[in-house]
Amino acid sequence: MFMLVEMVDTVRIPPWQFERNLNDSIAEELNKKLANKVVYNVGLCICLFDITKLEDAYVFPGDGASHTKVHFRYVVFHPFLDEILIGKIKGCSPEGVHVSLGFFDDILIPPESLQQPAKFDEAEQVWVWEYETEEGAHDLYMDVGEEVRFRVVDESFMDTSPTGPSSAEATSSSEELPRKEAPYTLVGSISEPGLGLLSWWTST
């Protein structure tokens, strides 16, 4: 689920921080820049692990700050495909079950990846597993807040860098707001024994 990624960046330290320890200032600046941010094709950055190398610092004309090229390792959330994770149901919609890990919310379990047969209860706004037994079908509800065990089956990175308006956007109505895309999303599955709500599989 978590991994160490080697990175390189040039860190700017303003003059009023020169009295501080250089490593502490660099660590603070790196965490300001990266913590809780998604790096394209890398994952969600959590925190700095360590600094492996500092190159020479330079002060450029017209700028009293120092600029140091830093080699470092960062803790990143990037689960591998087929990894089993446990989260909580954040909500349900016709698109599927939305799951949160507490620090990461962009997880979707689509309808075809639920335990089958499944149906969406419009009144309750929850997905229901119609569990078949010898005595007939029992409805097992996927309620908000329940813990769910799922398998990661796909991931998607979206480049959210600012871009200029396209010609199509320029001619569209100003009332239409562009849909905000998540920079990093996971797709999960619970369509196998042992996966799904933990309460389904625990003995009473």
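## Val97 and its surroundings

In this predicted model, Val97 is in contact with Ile89, Gly91, Cys92, Ile107, Leu108, Ile109, Leu114, Trp127 and Met142, leaving aside its neighbours within four places in sequence.

Val97 belongs to the largest nonpolar core, which has 26 residues. Val97, Met142, Phe150 and Ile190 are the residues with the most contacts inside this core. At least two of its residues come from each of these strands: E5 (84-93), E6 (96-100), E7 (107-109), E9 (126-133), E11 (147-157) and E12 (184-189). Strand E11 gives the largest share, four residues.

## An open sheet

Four strands make up an open sheet with antiparallel pairing, in the order E1-E4-E3-E2. Strand E1 (2-13) and strand E2 (38-39) are at the edges and have a single partner strand each, so one side of each has no neighbour in the sheet.

Strand E1 runs antiparallel to strand E4 (residues 66-77), and 12 bridges join the two. Thr10 is placed opposite Lys69 in E4.

## Backbone details in loops

The peptide bond between Gln116 and Pro117 is cis, with omega about 0 degrees. Pro117 lies in the loop between E7 and strand E8 (118-121).

Asn36 is not a glycine, yet its phi is positive, about 65 degrees. This residue sits in the loop between helix H1 (22-34) and E2. Asn36 counts as exposed because its relative accessibility is 59%, and the cut-off for exposed is over 50%.

Gln125, also a residue other than glycine, has a positive phi near 60 degrees. Gln125 is in the loop between E8 and E9 and is partly exposed, at 36% relative accessible area.

Conventions: Residues are numbered from 1 along each chain as its sequence is written. This is a predicted model: local features need pLDDT of at least 70, side-chain atom pairs count only at pLDDT 80 or more; totals for chains, interfaces and linings use all residues. Side-chain values use heavy atoms; hydrogens and water are left out. Two strands pair if DSSP finds at least two bridges between them. A nonpolar core is a set of buried Ala, Val, Leu, Ile, Met, Phe, Trp, Tyr and Cys residues joined through side-chain atoms within 4.5 Å. Buried means under 20% relative accessible area, exposed over 50%, partly exposed in between (1.4 Å probe, protein chains only). Contact means heavy atoms within 4.5 Å.
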